[in-house]
Amino acid sequence: MGTTDNGNTIDITVDFSGGLEMLFGNQRRHSVSLPAVDSSGKPTNMTFLIDYLCTHLMKDPRVDLFVLDKHIRPGILVLINDADWELEGEETYELQPRDNILFVSTLHGG
Amino acid sequence: MVVPGMGKYGQLRLINSSVLIIGAGGLGCPAAQYIAGAGIGTIGIMDGDVVEPSNLHRQVAHATSRIGMPKVDSLITHLRFLNPLPTYMAYPFHLTPQNGADIMSRYDLILDCTDNPATRYLISDFCVLLQKPLVSAASVQKSGQLIVLNCPPSPQGVFDRPCAPCYRCCFRKPPPPSADLSCGEAGIMGPVVGMMGVAQAGEAIKILASGLHLPPERRSSDGGSETDTERNLTQPTLLIYSYDLASAVGPYTFRALKMGGRRRNCFACGEGSTLTLEGIRAGEPDYAQFCGALMPPPTAALTPEERITAAAYDEARRKGELPPHVLLDIREREHFSFGGIDGAVNVPFGKLLMNAAKIKRDGGEAEEVLPPEARGNGRDTPIFVSWG
């Protein structure tokens, strides 16, 4: 895996925290290589990434602990380069090479 | 006191200020020690629980000799030994929609050291309506989180300047109950929750010493117009602590995440919000329902005839009433490591699910869902499952 010279793929890192790593083989950091455009030719965005993670990276079949009704389930924060994805356009954000995407479940214990 | 930026005026502000710590557990104990040590004038402690032995590894202000005592009394006993000078106020009961406004309105700043989503949303809503800064932390298993909210406080629905978010702005909806973990069920590393509690005290001292808990018009004029701290708080940082048992402290042990400011469509502090103190007291919104506490329990997959208790199983096995079989213990490895029924094979439930998913995806025989040592001698070997 790696960014090809003609830019056909985008290499990013995806992190899981707050217990979500459990769904992804207990591994906190993953290097992910995505096609630069989706099947309809649009630049790859967060919706594509979330679907990709569910199909390719998730080891645990309990998808509903990550995605509910096709959206990230309540109680999970999504950070794009350490900023709340709300500041970046949420699911419509178009991924850039070397982006870091963090999924972290909010905690309530104490 | 002599730390740069603190000085006599900072210390005087601390002496003249008051903090309410809601929750006297893993966060509240370490937080309260440093709050008391800093010389904050009035310290309220609220919690309805009593001290239990399983608390002591992380709830460091309690003691073996005080097991069974209300946590509030135990914690205040400890704090008086540390510093007898503050006024300590004991609230030996849980926060409710009915008792919250009256108590919280008497304090300058609130620490959320509680352990469940419903109380966390309730505390935040009161903080919005009463205009109190909120230092919120949470921790479970090997992770911790910390954020300063509603600071400096501004009235509900104000958007003519950048305003700090409330808990609902950052965490719009609680997770479904099935996805939420409590420390009691899931376990918690003492130092992780302790670190977050200490950090809460640090944030509280900072806010009170610099007068950031006061609306700008009431703040004394020895500072500038808008400090860097204040700009930073209107888009606060969520601190995340990830503790990894398998590796040393690393570059991602602590992460500082930038959150958004006050949300226009926030249910509590946004434009046209209908949230009021009277409403909360009367049961609107319904926090238990919002957080799913009233969801019906999942329907049981097995009939009572298909179930057997550990004791009945043990007796039937000793009497030789059971056919040759395999006993599966599907608890997590860590639970099993403390003991199980003789001869049981441990296949954690998550592992079973993952094996099943793999077979569904890549093909294979159904019995491959179990590791070879758990399959018995043939297809007809009955499997008994033990959980909990």
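Five salt bridges are counted between chain A and chain B in this predicted model. One of these pairs is Asp15(A) with Arg255(B), whose closest N and O atoms lie 2.7 Å apart.

On the side of chain A that touches chain B, the elements giving two or more residues are strands S1 (9-17), S5 (76-80), S6 (83-84) and S7 (100-105) of chain A.

The extent of the interface can be described next. In general, the size of an interface is often expressed as the accessible area that is lost when the parts come together. For chain A and chain B, about 3,000 Å² is buried between them, and 56% of this lies on carbon and sulfur atoms. Of the area that chain A buries against chain B, 26% is supplied by Leu107(A), His108(A) and Gly110(A), more than by any other three residues. In terms of contacts, 32 residues of chain A meet 44 residues of chain B.

A closer look at chain B brings Thr114(B) into view. Thr114(B) sits in the loop that links strand S4 (109-112) to helix H5 (117-130) of chain B. With a relative accessible area of 7%, Thr114(B) counts as buried because this value falls under the 20% cut-off. The side chain of Thr114(B) makes a polar contact of 2.6 Å with the side chain of Asp112(B). Beyond its neighbours within four places in sequence, Thr114(B) is in contact with His108(A), Gly109(A) and Gly110(A) from chain A, and with Ile22(B), Leu27(B), Thr119(B), Arg120(B) and Ile123(B) from chain B.

In chain A, His30(A) belongs to strand S2 (residues 29-35). His30(A) is also buried, at 5% relative accessibility. The side chain of His30(A) reaches the backbone oxygen of Gln27(A) at 3.0 Å, and a polar atom of this side chain lies 3.5 Å from the backbone oxygen of Phe24(A). Leaving aside neighbours within four places in sequence, the residues in contact with His30(A) are Ile12(A), Thr13(A), Val14(A), Asp15(A), Phe16(A), Phe24(A) and Leu57(A). Among these contacts, Asp15(A) is the residue that forms the salt bridge with Arg255(B) described above.

Finally, the domain assignment divides chain B into domain 1 (7-290) and domain 2 (304-386). The centres of these domains of chain B, taken over C-alpha atoms, are 44 Å apart.

Note on methods
Residues numbered from 1 in each chain as written. Chains lettered and ligands numbered in written order. Predicted model: local features only at pLDDT ≥ 70, side-chain atom pairs only at ≥ 80, totals over all residues. Heavy atoms only, no water. Helix = DSSP H or I, 4+ residues; strand = E, 2+ residues; numbered from the N terminus. Buried < 20%, exposed > 50% of the residue type's maximum accessible area, 1.4 Å probe, protein only. Polar contact = N/O pair within 3.5 Å; in protein donor to acceptor, adjacent residues only side chain to side chain. Contact = heavy atoms within 4.5 Å. Domains from an automatic or database assignment. Buried area = accessible area lost by both parts, 1.4 Å probe. Salt bridge = Lys/Arg side-chain N within 4 Å of Asp/Glu carboxyl O.
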